Amino acid sequence: MEEILASRIVRRTVDDEEYFDPQPTGRDRLPNPQPLLENLTRCVIEILAGARELEQISRWVDDSVYRNLLKRVVISSRARQATGQPVRRPVFAIGSVSIFEPSDGVVEGVVIVRSRARTRAVAIRLEGLDDRWRATVINVL
């Protein structure tokens, strides 16, 4: 693409959108993903219980994950209001963490969460973008 300015021709060598999009990062330049998987799991469980604000993890998740969690937060909040249940910080323990690396710069993890009433699994996909991990999928099962 060329633009004509006053007396010269300017040629773009790099597509601006590609340049400013998040850049993939290889696994060798990223930290150990296990602490982030455990902390994100803790935060997500507390967010869904209403004991933590969703904005606290916005830095670590992409936009689609944020929107999906926001929908679940609204549904959980309405359910608590309808039944008159107060917000309580959940009591749970992080169990085993399984980590799989399907490709360079991508980690898929499953974190087991045990509480008094039930055991859940939280599946998280982390992708290396701009030299840090970002969660691109989070599912609480």
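Reader: In β4, what is the bridge partner of Phe 100?

Author: In this predicted model, Phe 100 has Glu 108 as its bridge partner in β4.

Reader: What makes β3 and β4 a pair of strands?

Author: Two strands pair if at least two bridges are found between them. β3 and β4 have eight bridges, in the antiparallel sense, so they count as paired. Strands of a sheet pair through backbone hydrogen bonds, either parallel or antiparallel.

Reader: How many residues lie between the strands in the hairpin of β3 and β4?

Author: There are two residues between the strands of that hairpin, and in the hairpin Gly 105 takes a positive phi near 80°.

Reader: How do you know that β4 and β5 pair?

Author: The rule is again at least two bridges. Val 111, for instance, stands opposite Val 122 in β5.

Reader: What is the order of the strands in the open sheet?

Author: The order is β3-β4-β5-β6, four strands with antiparallel pairing.

Reader: What makes β3 and β6 edge strands?

Author: β3 (92-103) and β6 (132-140) each pair on one side only. On average, neighbouring strands of this sheet are turned by 25° against each other, direction ignored.

Reader: Which strands does α2 lie across?

Author: Helix α2 lies across β3, β4, β5 and β6, and runs at about 125° to β3.

Reader: Which residues is Thr 41 in contact with, leaving aside its neighbours within four places in sequence?

Author: They are Ile 94, Val 111, Val 113, Val 122 and Ile 124. Contact here means heavy atoms within 4.5 Å. Val 111 and Val 122, which stand opposite each other, are both in contact with Thr 41.

Reader: How many residues line the largest pocket, and which lie nearest its centre?

Author: The lining has 19 residues, and Ala 49, Arg 88, Pro 90, Val 91 and Arg 120 lie nearest the centre. Two or more lining residues come from each of α2 (34-49), α3 (63-83) and β4 (106-115). The space in the largest pocket is about 700 Å³.

Reader: What is the lining of the largest pocket by class?

Author: It has nine nonpolar, three polar and seven charged residues.

How values were computed:
Residues numbered from 1 in each chain as written. Predicted model: local features only at pLDDT ≥ 70, side-chain atom pairs only at ≥ 80, totals over all residues. Heavy atoms only, no water. 1 Å grid on protein atoms, 1.4 Å probe; cavity = no way out; pocket = protein on both sides within 12 Å on 5 of 7 lines; lining within 4 Å. Points joined across faces, edges and corners; volume = space filled by probe spheres on them. Nonpolar A, V, L, I, M, F, W, Y, C, P; charged D, E, K, R; others polar. Axes fitted to C-alpha atoms, helices over the stretch in contact; angles between N-to-C directions.
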